[in-house]
Amino acid sequence: MAIATFGSQEDLPEVKSHHHDPRNYPHGVAFMDGQYLPMSEAKISVLDWGFLHSDATYDTVHVWEGRFFRLNLHLDRFFRGMERLRMKLPYSRGEIEGILTNCVAMSGHKSAYVEMICTRGGSPTFSRDPREAENRFIAFAVPYGSVANSDQLKRGLHVAVSETVRIPPNSVDPTIKNYHWLDLVKGLFDAYDFGAETALIMDTNGNIAEGPGFNVFTVKRGQLKTPAFGVLPGITRQTVFELCEESGLTVAAADLARDELLQADEVFITSTAGGIMPVTRIDHTVIGDGKVGSVTSQLANLYWQKHSDPAWSTAVNYR
């Protein structure tokens, strides 16, 4: 590796014409700047405001057994986020759907994690005025991944509650998916230090908010509850509301105190990366009887059944 040194002109290191990246990347296909690329070649500029300022929005949809799940809802949220952040792309909604489909089809993955991103980009004149930035679109498809692994799905996750406070919603709108994750990452390290597997953090009122990439639900005497304030209203969270209506279960979005979480009969988390995932231990407290609850199992089974329903999913044309 070349090391910067001080001295005469002859001592300066060579400026390479191409970047060599020794890291390993998952098998997949990315789209950027009008090109389809292997994941190892998908790079952004260090001058992109998405990198420099976390000035970006994104959305993630998954493919399961060759079908996108709830793709329209993810596209709706992606376009809402861009509008509220005053971003524009040269691609229509239909063109972006086609790009996502191409990434999946060319990757060959029948189960995939598919992300669409819009960054602020940067100004061609290096202006600091965000109105002059050329917004940039990136998409990719890689193998499907879950917040919880197969063992955790069977026994339930161990979650720790961090005292870290989620970014206030009057500072960063949580309904727009964003990369402002330092509070969530701090919560994760708190959880790891505690010996847990993932984390929940607090809202500005001292109630439970959400975790890194997931919402949380409690079940108490057959009634479900999920935090309403300062959280991203996830697509899987919305799906749980619809599944509850279909199943005759009562669900509400409201403040969730820490004590309520610990005293619940069942707890589960929801994410595009994993679906409906059980939690059987929070901090030192065993939830219920320490096993995956019946309501959690009922909803999880129904959730995966919906993946083959054309009303809920869209087939990928692998050609």
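This is a predicted model: local features need pLDDT of at least 70, side-chain atom pairs count only at pLDDT 80 or more; totals for chains, interfaces and linings use all residues.
Let's start with β12, which covers residues 266-271. Here 6 of the 6 residues are buried, so the strand is largely enclosed by the rest of the structure. In a regular strand, side chains alternate between the two faces of the sheet. You can follow that here: Glu-266, Phe-268 and Thr-270 point one way from β12, while Val-267, Ile-269 and Ser-271 point the other way, and all are buried.

β12 has strands to pair with. Strand β9 (residues 215-220) runs antiparallel to β12 and is joined to it by 5 bridges. Strand β13 (residues 275-282) is also antiparallel to β12, again with 5 bridges.

## Helix α2, one side in and one side out

Helix α2 (residues 71-84) has 14 residues. From its first C-alpha to its last it reaches 20 Å, close to the 20 Å expected at 1.5 Å a residue. Its buried residues are Leu-71, His-74, Leu-75, Arg-77, Phe-78, Gly-81 and Met-82. They cover an arc of only 165° around the axis, which puts them on the same side of α2. The spacing makes sense, because an α-helix has 3.6 residues a turn, so residues three or four places apart point the same way.

Turn to the other side of α2 and you'll find Glu-83 and Arg-84 exposed. After the helix comes Arg-86, with a positive phi near 60°.

## Aromatic pairs and a lysine over a ring

The model has 15 aromatic pairs. One to look at is Phe-69 with Trp-312: the ring centres are 6.3 Å apart and the planes sit at 15°, so the pair is stacked. Phe-69 belongs to strand β4 (residues 67-69), whereas Trp-312 is in the loop between α8 (294-305) and β15 (313-315), so this pair links distant parts of the chain, 243 residues apart. Phe-69 is buried at a relative accessible area of 4%, and Trp-312 is buried too, at 12%.

Elsewhere, Phe-31, Tyr-36, Phe-78, Phe-79, Tyr-91 and Phe-137 form one aromatic cluster. Phe-78 is also one of the buried residues of α2. And for a charge over a ring, check Lys-110, which lies over the face of Tyr-318 at 4.0 Å from the ring centre.

Thr-101 sits in helix α3 (residues 93-107). With a relative accessible area of 17%, Thr-101 counts as buried, because the cut-off is under 20%. Setting aside residues up to four places away in sequence, Thr-101 touches Phe-68, Val-316 and Asn-317.

Ile-167, in the loop between β7 (157-165) and α5 (182-194), is partly exposed at 25% relative accessible area. Neighbours within four places aside, Ile-167 is in contact with Val-172, His-180 and Asp-183.

How values were computed. Residues are numbered from 1 along each chain as its sequence is written. Side-chain values use heavy atoms; hydrogens and water are left out. Buried means under 20% relative accessible area, exposed over 50%, partly exposed in between (1.4 Å probe, protein chains only). Helices (H or I, at least four residues) and strands (E, at least two) are DSSP runs, numbered from the N terminus. Two strands pair if DSSP finds at least two bridges between them. Contact means heavy atoms within 4.5 Å. The expected span of a helix is 1.5 Å times one less than its number of residues. The arc is that of the directions from the helix axis to the C-beta atoms. Rings of Phe, Tyr and Trp (its six-membered ring) pair if their centres lie within 6.5 Å; planes under 30 degrees apart count as stacked, over 60 as edge-to-face and the rest as tilted. A charge sits over a ring if NZ of Lys or CZ of Arg is within 6 Å of the ring centre and within 35 degrees of the ring normal.
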